[in-house]
Amino acid sequence: MKERGILSPSDLQKPLNKVVYGLMCLCIAVMTFTMLYPIAMTMFNGLKSNQEVNSFPPRFFPKEWHWDNFPKAWNYIDLPMFLKNTLLIFGGNLLMTILVLGLASFSISRIRVPYSRAIYFFILLTLFIPASSYMIPNFVNLKELGLLNTYWAFWLPAGANAYYFLLMKNFFDGIHPEIFEAARIDGASEWTSYLRIAVPLSVPIFATLAIFIFSTAWNDWFWPSLVMHTEDKYTLATAIYKYVINARNMDSSVKFSILFMVMIPPIFVFLGFQKFIMRSVSLSAVKG
Amino acid sequence: MGEPVISPGNMQQNTVKASASVSRKPRRGSNWKQYMWGYLFLVPAIAIFIVFLWVPIIKGMVYSFYNIDFVKGNTFVGFDNYVKVFHNPDVLLSVRNTLYYMLLCLVIGFWVPIAASIAISELRWFQGFARIAAYLPFVVPGVVLYGMWRWMYDPVGPINALLGWFGADPVSFISDGRWSMVSIVFMETWQQFGSAMLIYLAGVLSIPRDWYEAAEIDGAGVWARIKYITLPSMRNLIVLMLILQLIGTSQAYQSQLALLDGGPNKATLTYALLTVKYAFTQLDYGAGTALGVLMFIVLSVLGVLQYKLNKEEY
């Protein structure tokens, strides 16, 4: 045994501790099963016949594998169009975050203009105002600006995120100032040193932000359903909520295959970028 | 500063100092040129923060005194919105529901990630797997979650099948007013505890191992080690997470809206959901913002508390 935790190897020699440790492992096994069961069931229900999904008690594996549910699900609603809308919002938000918030945090962290402290607090103060208390005026504001039912209603406010600003500012603070001084001596303007030095060095924080922004764009169903009111602008989550979750006469098996397809991309993103995500979770502890 | 002593070495030092102080506090003329880029970088962000964040926040205060009408224009109505809101018996009901929901989240959800993080940190095998499995539900999108758990909670769904094995009568978890809020809390705990668990896990793993070694040599049992070393080391983190959870749960409405629309018989009508309904079902934006302002006043107390704790820790 190389490492010890709360328990040491000698603790595990005692019979009582052995039993408790065994129970604990059992609890974790049950927890793991509970976590995975609904996800697995969503997949297998998507492959059953409609009758089998509604039978009682539910079976884990399908009796017959109905792969034809997937083409049916794909054609049930215009998934590619909704997917395109979601990706458009994701891409625009990411670009906006990197350009607007990235430049601002770079300026606060590196250039230190006079009154930067005041500007910093002006931005950070918004963290302490609960989002739901200004949700309705926010909607009215967008309506008065004439931005409803346009992508700009998502892209522009994406530049007003104090939490992402804080993450980037902390990251820039950690870059050695000598690099920027060297660039300045070589004649680089601030713009060049942001684009050619800060951005390439900041790939880890941008990846983290990209994951955050992706999951927001992918998961948010309520706000887009208010802001976008024609069908061709709905995001994927909004469309699923309106046409699948609230559908009355729909085959349960097809419903589950749609849900499964929607669930797959974020799960792959998670499994692919595990290290980034595990780290970013501990970042979010600082979130206000 | 005092008189400069003139000697070659000192002179050099003085010139260096002088030029440094010049670059820190430049003359008025060079100010703009030197900081032009810095300000240019800040302008878009400041503009967007004003237009899309500060304007709504301040307008929220203003709008709560207005009757909002997109066609005829807004009219000032004084405290009418507040009076209207206070005369609605649903407001009191929704406050009670929200407090009940927050309490359930504490009782059912709050201790789970703490216990799980300590347990998983002790796993000798499959620790990585357990971590991923616990976090996986967190990446399931909300709409999928609702579809999934509607089926899980169905009178002929898997949970009732499990209860049937133990000989219990089937429960209609969602449509029964006594169970609906509990069901929502269970569903959300299932989804969200993994992310809190990872935060706690980082805390548990950062406790130096030799503290346990020393405690064990002094004869402390396993429980004593958890009680006197692990939990006290996590104290600040736990309090911080508690406040974050209170701030989050006091504003919850999405699951309640998606699964039950506040029903059955208003049993899951939370305060934030009532605000949303005022605005987007009854189209009474004034009353909705008035509810938002009241919420803001209550929550800012919690926000200040969190800020103080955050400062303590970092």
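Domain bounds are those of an automatic or database domain assignment. On this basis chain A is divided into domain 1 (11–68) and domain 2 (77–246). The structure is a predicted model, in which local features need pLDDT of at least 70, side-chain atom pairs count only at pLDDT 80 or more, and totals for chains, interfaces and linings use all residues. Residues are numbered from 1 along each chain as its sequence is written, while chains are lettered from A and ligands numbered from 1 in the order in which they are written.

The centres of domain 1 of chain A and domain 2 of chain A, taken over C-alpha atoms, are 38 Å apart. For residues 83–271 of chain A, an unreviewed UniProt entry lists "domain: ABC transmembrane type-1"; UniProt positions follow the numbering used here, feature names are shortened, and annotations may be inferred rather than shown by experiment. The span 83–271 of chain A is 73% helix and 0% strand, and its end C-alpha atoms lie 21 Å apart. Helices (H or I, at least four residues) and strands (E, at least two) are DSSP runs, numbered from the N terminus.

A:Pro177 is located in helix 9 (residues 177–185) of chain A. A:Pro177 counts as exposed because it has 10 C-beta neighbours inside 10 Å; with C-beta atoms placed from the backbone, a residue is buried if 20 or more other C-beta atoms lie within 10 Å of its own, exposed if 12 or fewer, and partly exposed in between. Between A:Pro177 and A:Lys275, 98 residues apart in sequence, the C-alpha to C-alpha distance is 27 Å.

Between the chains, 80 residues of chain B are in contact with 77 residues of chain A, two residues being in contact if their C-beta atoms, placed from the backbone, lie within 7 Å. Helix 2 (residues 28–63) of chain B supplies the largest share of the side of chain B that touches chain A, with 19 residues. By class, this side of chain B has 56 nonpolar, 18 polar and 6 charged residues. Ala, Val, Leu, Ile, Met, Phe, Trp, Tyr, Cys and Pro count as nonpolar, Asp, Glu, Lys and Arg as charged, and the others, Gly among them, as polar.

Helix 1 (residues 15–45) of chain A and helix 4 (residues 89–121) of chain B have axes that come within 10 Å and cross at roughly 115°. Axes are lines fitted to C-alpha atoms, for helices over the stretch in contact, and angles run from 0 to 180 degrees between N-to-C directions. The contact involves A:Met24, A:Cys27, A:Ile28 and A:Met31 of helix 1 of chain A, and B:Ala116, B:Ala119 and B:Ile120 of helix 4 of chain B. This helix contact has 7 nonpolar, no polar and no charged residues.

In chain B, B:Ile247 belongs to helix 11 (residues 235–250) and is partly exposed, since 18 other C-beta atoms lie within 10 Å. Not counting residues up to four places away in sequence, B:Ile247 touches A:Pro130, B:Leu299, B:Leu302, B:Gly303 and B:Gln306. The C-alpha atoms of B:Ile247 and B:Val293, 46 residues apart along the chain, are separated by 15 Å.

Positive phi values occur at B:Phe126, about 60° in a residue that is not a glycine, and at B:Asp261, near 55° in a residue other than glycine. B:Phe126 lies in the loop between helix 4 and helix 5 (127–135) of chain B, and B:Asp261 in the loop between helix 12 (254–260) and helix 13 (271–280) of chain B. B:Phe126 counts as partly exposed with 15 C-beta neighbours inside 10 Å, and B:Asp261 counts as partly exposed with 14.
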